[in-house]
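Please read it alongside the sequence and the coordinates.

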Amino acid sequence: MEQRGSTAWRELWFCFTLVFVLDFLCNGASAQIRYSISEEVQRETVVGNIAKDLGLDKSALKDRRYRIVSGSTEPLFLVNQDDGILYVKRGIDREEVCERTSPCLINLKTVLENPLEIHYVVVEVLDVNDHAPVFPEKEKRLEISESALTGARFQLQAAHDEDVGQFTIQQYRLSPNEYFRLEVKDRGEDRKVPFLVLQKQLDRETVGQFKLRLTAVDGGKPVKSGNIDIIVVVLDVNDNSPVFTNEMYSSTLKENAPAGTVVIQVNATDMDIGANGEIVYSFGHEVDSKVMNVFSIDSNTGEIKVTGQIDFEQSKSYEIDIQASDKGQVPLTADKSVMITIIDINDNEPVIELTSFSSSIKEDSNLGTTVALISVSDLDYGVNGKVICTIKEKVPFGLAPSLQENMYAIVTRSQLDRESVSQFDVTVIAKDSGDPIFSTEKTISVVISDVNDNIPEFSSNPYVFYITENNSPGASVCAVNAFDCDERENAVISYHISREASGDNKFSSFLNINSENGDILALKSFDFETLKTFQFQVVATDSGTPSLSSNVTVHVFILDQNDNAPVILYPLSSNGSAEGVEEIPRNVNAGHLVTKVRAYDADIGYNGWLLFSLQEVTDHSLFGLDRYTGQIRTLRSFTETDEAEHKLVILVKDNGNVSLSATATVIVKVVEPKEAFAASDVKSATNDEEENNVTFYLMITLGSVSTLFLISIIVLIAMQCSKSTEYTSKYLQETNYDGTLCHSIQYRSGEKRYMLVGPRMSVGSTIVPGSHANTLMLPDRRTPGEVRS
């Protein structure tokens, strides 16, 4: 009864619903449109023209507010109300929208208002082959006991392809082998499960392992595939594997730990008994040999100990695979990873690396010029690896940090001068911040290269040279020398003589200089009697760019040589010969001055000192000659038997090394006293005239000598004022004539040096060293280039 009532109620509800739907269809028209698009199409791709497909006027879409009814999620499609075009709003991934549902249909509900109309639009998203089959693993290890029977099936991991239909996995393939074949079971919903079927009995002693490749292939064009390597290990019968007691093993260890330190102990158990339950510990097969050199494991206890050098800088941690094996006939194993973390200690010195280096730098480089780039590093960690750099010596260089950490530039901090210091050894010190502190030093040599910033300097300023007259033309007479503090071409000096045509430089035309060594050559022979002194300027120029130069004044004094013979001034005959006649009374007494021979030598010093001697005389007992003054005097009174006329030949000789001489002849007539008086009047007139002529010549000579003397004194004073080093002339001249020209003589007394200035004297004249009435005491000082007589 209740079942019959329930059935009647369901029939009544169905009728009611049918009437409602019919009424809705009559009053609110509805329709369904179907489109299809491929997945992964671009945004704003046109799906279809809804207005055209519904037969609606385009203007009605906007007037009746045509729209797509969507939920809270962002809609996949939009309708352009101006033209009724349905287009894609965002990218569509079929696998995201429908997963593996096929076909993939997207139902859109659209509404037109006034009057109300509902239209259903179905968009089918077509699949494309955009996914390849993928296995969960790259490699599968399959252990099969050698006791397994043929026909035994072993399920393999199935591949997964997110595509559907023909684009999903269509088949599996197994690499060719004689022991296994492949079976595929179709479980519907595009699921195909591969099975490995043993088709030949296994023998572990013959083949202990197989490597097979399983390939999954889809139905696309071109096809896509995925692979998995299947490692089949043939095992003896042993049904329990060792099991580690801990899920994870880890430990910390300080670096430099001594050998024998126990790091950690692992432990495993095996439910088997006997040999199959006895555990042996060892490193895994994939453990690096470097790890085995550092650690060891006790095969019985499982203790891991330190055997080598623990260095944090080489490895901050170790992950060691430990294997526990039983002693069964076919051992079963279990693997576990042990993580060992190394704690750093400060055991490394900082390292300084020269990344860029300029071995030389110009001395005129600007401040801040980079000489070298260095990088510092420390293999330690944290504070132990923090490095601070400084420069050790007090040098004109400093460290400037770079933009990159632990990079520094060595730059100039002050002006450089190669002539002061040509090379610097810069030592960089790097210290870490650990405890204890480690430091490292690195020294680089920086060579200061030269620029032409120094002028040539002469070894003396001014130069004073003494040149002997009658020098050979073209021979070297003196030399100047300059040096330059610069180097190489900047220090190569060339010399030339300034050719200014003013003042004393007019004599430079008679000179030439070797441009390389400064030797000065005289192009003419100098005559002391014509030229006593002159000066010129020498210019020294270096070879730098631009070149620098300096000049020096050279004073040259001409030294006298004995190149002039004595000249007889009296007696002179009317024809110019050195011959004269003297008359004296017969009654003169001994010592009577008969006459005086006067002579002159243009040379000075010893070369101009004259000595007189009788070369020829008729009677040596009557006349005597003063060898220094040239005076002829009677030695005794005349007798009746003495001849009335006597001839005297006087030899006048200078004191040069090779002496030169001249002769004068004096005829002495002895007359009676009355005749002598008469003759004396005539002779007096003649002597007066001759005396006047001689006096005139002597005045000219003395005036010239005085002028030269004054010039020499002025030059000496000027030279003394222009330099601190005094120099003295060897010869000073003064006009004080006493029948011979004024001369000077130098001599020594103990450690003192004297110059005697006065009338010309013969060598035999007496010189009293203690009397300085007309004697100059000179300092014993030799100037550069001075020539001693």
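1. In the predicted model, Val652 has Ala662 of E49 as its bridge partner. Strand E48 (residues 645-654) and strand E49 (residues 661-671) run antiparallel and are joined by nine bridges. Strands (E, at least two residues) and helices (H or I, at least four) are DSSP runs numbered from the N terminus, and two strands pair if DSSP finds at least two bridges between them.

2. E48 and E49 belong to an open sheet of four strands, with the order E42-E49-E48-E45 and mixed pairing. Its edge strands, each pairing on one side only, are strand E42 (579-585) and strand E45 (610-617). From one strand to the next the twist averages 30 degrees; axes are lines fitted to C-alpha atoms (for helices, over the stretch in contact), with angles from 0 to 180 degrees between N-to-C directions.

3. On conventions: the model is predicted, local features need pLDDT of at least 70, side-chain atom pairs count only at pLDDT 80 or more, and totals for chains, interfaces and linings use all residues. Residues are numbered from 1 along each chain as its sequence is written, and side-chain values use heavy atoms, with hydrogens and water left out.

4. Strand E13 (residues 209-218) is largely enclosed by the rest of the structure, because seven of its 10 residues are buried. Buried denotes under 20% relative accessible area, exposed over 50%, and partly exposed the range in between (1.4 Å probe, protein chains only). Strand E10 (residues 169-174) pairs with E13 in the antiparallel sense over five bridges, and Ile169 has Asp218 of E13 as its bridge partner. E13 is also joined by nine bridges to strand E14 (residues 225-235), the two running antiparallel. Arg213 has Asp229 of E14 as its bridge partner, and a hairpin of six residues connects E13 to E14.

5. The largest nonpolar core contains 28 residues, and those with the most contacts inside it are Phe244, Leu253, Phe295, Ile320, Ile322 and Ile340. Such a core is a set of buried Ala, Val, Leu, Ile, Met, Phe, Trp, Tyr and Cys residues joined through side-chain atoms within 4.5 Å. Among the elements that each supply at least two residues are helix H5 (289-294), strand E22 (317-325) and strand E23 (333-343). Beyond its neighbours within four places in sequence, Ile340 is in contact (heavy atoms within 4.5 Å) with residues including Leu253, Val263, Phe295 and Ile320. A second, separate core of 27 residues includes Ile513, Phe528, Leu531 and Val554.

6. A search of the whole structure finds 14 aromatic pairs. Rings of Phe, Tyr and Trp (its six-membered ring) pair if their centres lie within 6.5 Å; planes under 30 degrees apart count as stacked, over 60 as edge-to-face and the rest as tilted. Phe458 and Tyr463, both buried, form an edge-to-face pair, because their ring centres are 6.3 Å apart and their planes stand at 85 degrees. The rings of Tyr606 and Trp609 have centres 4.8 Å apart and planes at 55 degrees, so this pair is tilted. Tyr606 is partly exposed at 43% relative accessibility, whereas Trp609 is buried at 5%. Tyr179, Phe180 and Phe210 form one aromatic cluster.

7. Two charges over rings may be noted. The charged end of Arg153 sits over the ring of Phe195, 4.5 Å from its centre, and Lys532 lies over the face of Phe528, 4.4 Å from the ring centre. The criterion is NZ of Lys or CZ of Arg within 6 Å of the ring centre and within 35 degrees of the ring normal.
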